[in-house]
Amino acid sequence: MIRVKNFSAKFTFLLLTAAFIAAIVLYRLEYYDIVFLTRESKVLSVIESDNTETVDIIEPPDDGYEDEYTSPAHSGENISQITNPSGIEGIETTPSIVNPPTYSEKLASIEDANNYLTRGWAINTQKYDKYVHKIVKFKPEMNAKNEYAEQFYKMTESVFDLDNMVFNEIENIVEVPVVTVYMGYYLINQNDSTAILTPQGKVIVSDLKNISPAYYRDSWNRPLFNYNGTLYVVTSDEKFVTADAAAANVSFAPALYGDYTSDYGRQKNNLHLFYEVKEIVDVIDNQVAIDRAAYMGIELDPVYINETVHQYGYKYSDDTTAIPAKYYYAYNFSENGLAVVANRDRVISIIDVNGRVVINPFKNIVYLSEQKRYVFDGYYLPDNRSMENIGMIYFDHGLMRIRRVLKDQYNPRIINDYDILIHADGSVFNIPAGYDLVYYSDGVLVLKKGDYYGCLDYTGKWIAQPFYTYAGAFKEGLVVLGVEGKKGMVDTQGNIVLPFIYDEITDVSSGVIAAYEKQNGWTFYNKIARSN
């Protein structure tokens with residue numbers, strides 16, 4: 001320890017110390033260099049989420065444009081503190097987020113893509129960060145009609161009925177917008193045909209009939225299309241060709257089918273899925289009917305069938321078996337080392353990398369006092385594989401959305417069926433009372449109470465107060481919200497990235513967005529970032 005005995009010496013010591021600190025600060029601020037010290041490159045680390053890798057973006061040299069990372073790429077309004085533009089009863093009223101400027105004035109504030117795509121910026125599918133990303137507009141090669149939709153078609157969806165343990169085919173009449181987005185491509189649907197456009201609006205194919213998204217990718221992560229009953233892909237040189245059957249094996253598709261990014265549901269460790277085709281003999285095919293008959297005091301004979309099924313397991317990278325193929329349903333591991341598997345009845349268990357079950361709530365039997373009966377408390381796979389169930393199967397920011405079902409112990413019928421969020425230890429995330437969980441993704445819960453939606457992040461902070469009349473799910477860090485008859489797009493911090501001037505906005509799809517306004521038609525957008 002240094003001891004200074006007189007005032008003059010103390011003053012000199014303090015002065016030298018201050019000078020030394022100042023020299024360090026000035027060096028760090030690059031006011032001078034020291035020849036024997038090498039500076040590190042300026043790097044801005046962009047972290048997508050708790051469960052995604054860190055990406056380093058190197059600051060480029062000055063090219064004469066004012067697009068520095070020291071200020072937000074978009075500095076629009078933030079809605080996280082706005083509580084009630086519509087004057088909903090019980091919520092304090094504040095000014096509307098739909099501001100007086102006109103559509104043209106708002107649109108003019110969004111920059112043109114050509115100013116950036118020619119200078120090293122490119123489509124980016126990572127979680128939106130206002131300091132890194134820009135939303136820019138452009139004109140495609142092909143014009144879209146100035147109307148929202150002109151086609152309708154019948155869509156059949158398989159929905160699993162837990163009461164009867166069967167899939168039911170439900171037919172819906174679906175409206176097809178003139179412009180849709182799919183895994184980074186634009187589809188222009190008009191005059192009873194469809195064109196496929198690249199993210200920058202170049203026409204790949206035009207005037208095709210009987211084409212639709214297949215809603216999953218091949219093993220090279222290329223989006224698959226259905227065309228006249230055959231699977232097609234777009235190649236790297238922008239050719240529309242038939243897909244390789246082995247690469248398009250639906251058995252390895254992620255948990256949900258839909259418009260997802262290339263990293264959704266992908267392998268996160270050295271374990272990968274495999275399956276074996278097995279013949280299962282003497283399976284009781286009418287167990288639900290037997291249980292119901294027993295509840296009424298009737299004995300019903302079992303009906304036995306043989307089944308040919310895929311059973312899944314996990315292998316190491318060297319192709320040796322880690323966990324035998326014994327699951328009817330299995331999905332890739334999340335980054336926390338846990339994976340969802342399920343049995344023939346679609347009952348979920350959560351296992352670790354050794355195959356040990358760490359969460360299996362179906363063994364719980366709960367007494368419901370209001371029902372005066374015992375029920376099985378279990379977690380089930382979603383009733384369909386559409387992206388409306390986003391957040392299920394994989395952990396995100398340490399949480400996973402779960403379908404919780406309570407079934408009568410004696411009369412096997414569903415007492416309750418709703419969604420919750422769980423932590424990796426099985427404990428339940430506390431959702432505010434009176435709210436239903438609609439979506440969970442990018443660490444944000446979309447909640448609904450009555451007719452209104454709000455967005456709450458995984459830390460319990462409101463990003464968007466619950467007064468919105470429309471809310472989608474967060475994708476790539478962005479969500480579409482609607483209020484007062486108009487829609488806009490917001491990031492996970494509540495920053496407005498597309499103003500509330502549109503009648504419709506698509507979800508972001510691998511970096512591409514389309515928006516529609518009745519008087520002005522369709523506008524095309526890219527989500528871009530500086531390339532390395």
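**Exercise 1. Classify Tyr 148 as buried, partly exposed or exposed.**

Solution. The relative accessible area of Tyr 148 is 24%. Buried stands for under 20%, exposed for over 50%, and partly exposed for values in between (1.4 Å probe, protein chains only). Tyr 148 is therefore partly exposed.

The model is predicted: local features need pLDDT of at least 70 and side-chain atom pairs count only at pLDDT 80 or more, while totals for chains, interfaces and linings use all residues. Residues are numbered from 1 along each chain as its sequence is written, and side-chain values use heavy atoms, with hydrogens and water left out.

**Exercise 2. State how many aromatic pairs the whole structure holds, and assign the geometry of Phe 138 with Tyr 186 and of Tyr 148 with Tyr 516.**

Solution. Step 1: rings of Phe, Tyr and Trp (its six-membered ring) pair if their centres lie within 6.5 Å; planes under 30 degrees apart are stacked, over 60 edge-to-face, and the rest tilted. The search of the whole structure gives 25 pairs.

Step 1: for Phe 138 and Tyr 186, the centres are 5.9 Å apart and the planes stand at 65 degrees, so this pair is edge-to-face. Phe 138 belongs to strand β4 (residues 134-138) and Tyr 186 to strand β8 (residues 185-190), 48 residues apart. Strands here are DSSP runs (E, at least two residues), numbered from the N terminus. Phe 138 is buried at 10% relative accessibility, and Tyr 186 is buried at 0%.

Step 2: Tyr 148 and Tyr 516 are tilted, with 5.8 Å centre to centre and 50 degrees between the planes. Tyr 148 lies in the loop between β4 and β5 (149-161), and Tyr 516 in strand β35 (residues 512-517), 368 residues apart. Tyr 516 is buried, with a relative accessible area of 7%.

**Exercise 3. Identify the residues whose charged ends sit over the rings of Tyr 329 and Tyr 470.**

Solution. A charge sits over a ring if NZ of Lys or CZ of Arg is within 6 Å of the ring centre and within 35 degrees of the ring normal. Over the face of Tyr 329 lies Arg 346, 5.3 Å from the ring centre. Over the ring of Tyr 470 sits the charged end of Lys 487, 3.9 Å from its centre.

**Exercise 4. Describe the phi angles and surroundings of Asn 228 and Glu 238.**

Solution. Step 1: most residues other than glycine have a negative phi. Asn 228 has a positive phi near 55 degrees, and Glu 238 a positive phi of about 65 degrees.

Step 1: Asn 228 is in the loop between β12 (223-227) and β13 (230-234), and Glu 238 in the loop between β13 and β14 (240-242).

Step 2: Asn 228 is partly exposed at 48% relative accessibility, and Glu 238 is partly exposed at 30%.

Notes: Helix = DSSP H or I, 4+ residues; strand = E, 2+ residues; numbered from the N terminus.
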